Amino acid sequence: MCTYTCQSDISLYKELSKRLRFRSTNHISFYIQYQTKASADVPDQSSSSSYFLFQSTEYPKDCQEILRACSNTKNASGVYTIKPAGFPEPFEVYCDNNLGSDGWTVIQRRTNGFINFNRNWDDYKHGFGFLGSEFWLGNEQTAYLTNQKKYQLRMDFTNAVGHSYHVTFDDFRIADEWSQYSIQSLGDEGGNAGPFIEWCPSNTRFANSTCERRCTEPNTCIPSASMESGRCICPDGYMIQERTAYLIVSVDALYKKREVCLIDNRLIHEDDYQCSDDATCQERDGVQRCICNDRFEGDGITCIRKEPRKDCYEIYNTGIHIDGVYTIYPSGWEESGFQVYCEMSTDGGGWTVLQRRRSDSVNFYRVWNAYKDGFESPSGDHWLGNDKIHDLTTQKTYQLKVDLTDSADSQYYALYSRFSIGDEDDKYTLTLGTFSGNAGYNSMGLNSGDPFSTRDRDNDGTDNCNCAQRHQGAWWYPHRYYNDNNNCFKWYGSGYYRHCTYANLNGDFQYSDYRGIFWYKLSGNDCGIAGTKMRIRPVG
């Protein structure tokens with residue numbers, strides 16, 4: 001039973017000017033909403049917002065799960081502990097339940113400038129500030145959060161005259177550090193911000209200042225005719241010429257040099273030159289310049305592709321040793337890449353996870369195309385996809401480690417010195433090397449040389465039996481089935497106890513017989529296996 005203890009009150013919410021949140025919903029699909037709402041009319045929450053500690057065998061993955069896990073919170077906003085799927089340690093977040101719908105996880109808040117947000121990469125990676133006031137949760141935390149479910153992003157704003165509005169995106173997800181935490185998905189835009197948003201022209205800033213300088217009068221502060229408290233102005237270091245703000249490089253009596261990004265991706269800087277095809281002309285740190293695109297490096301005029309990482313082991317060798325979801329670029333996937341879960345902190349690190357099962361939350365009784373493409377998020381229970389596994393295991397020589405947790409919660413493993421599968425034309429035929437480990441029996445080794453079968457693609461070759469249907473899971477089934485003594489993973493028919501395989505890790509999670517997950521001679525608990533994981537790492 002979940003319980004909590006009140007530790008300290010929060011009284012820092014009387015004058016919120018900006019805040020960003022996301023949440024997951026109770027609908028079939030999960031959403032994150034990233035909000036920034038600041039307002040003078042936010043009620044004093046100091047009496048209802050508290051810090052909470054949970055006593056539970058498993059941490060909630062986000063603030064929405066906290067509401068479902070513990071009703072005794074009474075939907076109180078406050079600081080709670082969560083642990084997204086795959087994140088190495090639990091961490092604290094602020095959960096806001098006062099937005100009209102509950103379960104919002106605050107990932108950024110800005111109130112009055114108390115916290116400096118002009119920070120370096122590591123600060124934004126790990127997060128900074130105080131959950132009770134201004135803070136950035138951390139790109140690493142947000143990456144794990146947004147890759148475990150489908151989330152909605154919502155941003156709430158309050159402008160200088162007190163008008164509040166919001167923007168939403170219905171499918172928000174960011175990448176891992178290797179992909180520079182780039183936005184992978186936003187989805188469709190919504191909200192009510194249309195009448196309020198006005199984009200400032202290039203090089204101008206929204207500010208309260210009324211002083212601008214012009215190229216024709218560089219030494220004179222010219223007051224704006226506008227009496228608005230906030231507007232788009234040409235800031236210090238820039239000058240107005242006609243209606244455009246230009247960056248000052250040097251000033252004689254008149255403006256002479258300028259840097260301006262044009263629509264055709266050219267940068268004007270004394271001479272007119274073209275950014276690299278692998279760069280974009282954009283502003284960084286107040287300067288317009290050519291910036292190499294993601295996965296490229298250089299000065300913007302010349303950009304060279306970074307060497308892509310083909311698997312988790314290559315990422316590990318760059319010095320990244322934190323478990324999590326990363327993007328890899330195996331042979332044949334150099335342009336798009338795909339996401340995998342990397343185990344960096346166990347067994348020497350650098351393991352690429354192909355399959356994981358920890359609960360009955362994901363249905364593994366699927367058709368050929370589902371196993372071909374893969375299904376579910378790499379951060380949770382999933383199958384990576386046979387096409388991806390083939391391309392991975394044919395670029396190098398890999399070993400396979402199978403981790404097993406039986407119904408008594410005892411852990412075992414089987415290690416195969418070599419692992420690969422064929423392509424679709426070869427029916428993803430399995431090849432395994434020598435066996436070692438404490439799993440009791442080389443149960444999967446008997447499947448080496450067998451094709452992959454699903455309930456709608458019977459490749460096992462046995463007469464009058466579809467093994468994938470019989471065993472309720474896709475697997476590498478042989479061109480035969482076995483008749484021998486009774487065992488939990490056998491069925492009785494035609495006077496014999498029969499089975500198609502000595503191991504099946506993709507069976508139905510709820511069964512403890514031939515329809516479930518099993519591994520022969522696993523310390524007497526062959527069937528009803530409670531956890532599986534298949535992971536690979538290069539040999540040598």
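Reader: Which residues line the largest cavity of this structure?

Author: Rolling a probe the size of a water molecule over the atoms shows where empty space is left. A cavity is a set of points, on a 1 Å grid over the protein atoms alone, where a 1.4 Å probe fits but cannot get out, and lining residues have an atom within 4 Å of a point. Here E140, A143, Y144, N147, I174, A175, D176, E177, G324, V325, Y326 and Q339 form the lining of the largest cavity. The elements that contribute two or more residues to this lining are α3 (139–146) and β25 (324–328); helices (H or I, at least four residues) and strands (E, at least two) are DSSP runs, numbered from the N terminus. This is a predicted model, in which local features need pLDDT of at least 70 and side-chain atom pairs count only at pLDDT 80 or more, while totals for chains, interfaces and linings use all residues. Residues are numbered from 1 along each chain as its sequence is written, and side-chain values use heavy atoms, with hydrogens and water left out.

Reader: Is strand β4 (residues 91–96) enclosed or open, and why?

Author: Buried means under 20% relative accessible area, exposed over 50%, and partly exposed in between (1.4 Å probe, protein chains only). Five of the six residues of β4 are buried, so this strand is largely enclosed by the rest of the structure. Two strands pair if DSSP finds at least two bridges between them. Strand β3 (residues 78–82) pairs with β4 in the antiparallel sense over five bridges, with Y80 opposite V93 in β4. The antiparallel pairing of β4 with strand β5 (residues 104–110) has three bridges, and D96 stands opposite W104 in β5.

Reader: Where is E424 found, and which residues does E424 touch?

Author: Contact means heavy atoms within 4.5 Å. E424 is in the loop between β30 (411–421) and β31 (430–432). Not counting residues up to four places away in sequence, E424 touches W368 and K372. With 29% relative accessibility, E424 counts as partly exposed.

Key:
1 Å grid on protein atoms, 1.4 Å probe; cavity = no way out; pocket = protein on both sides within 12 Å on 5 of 7 lines; lining within 4 Å.
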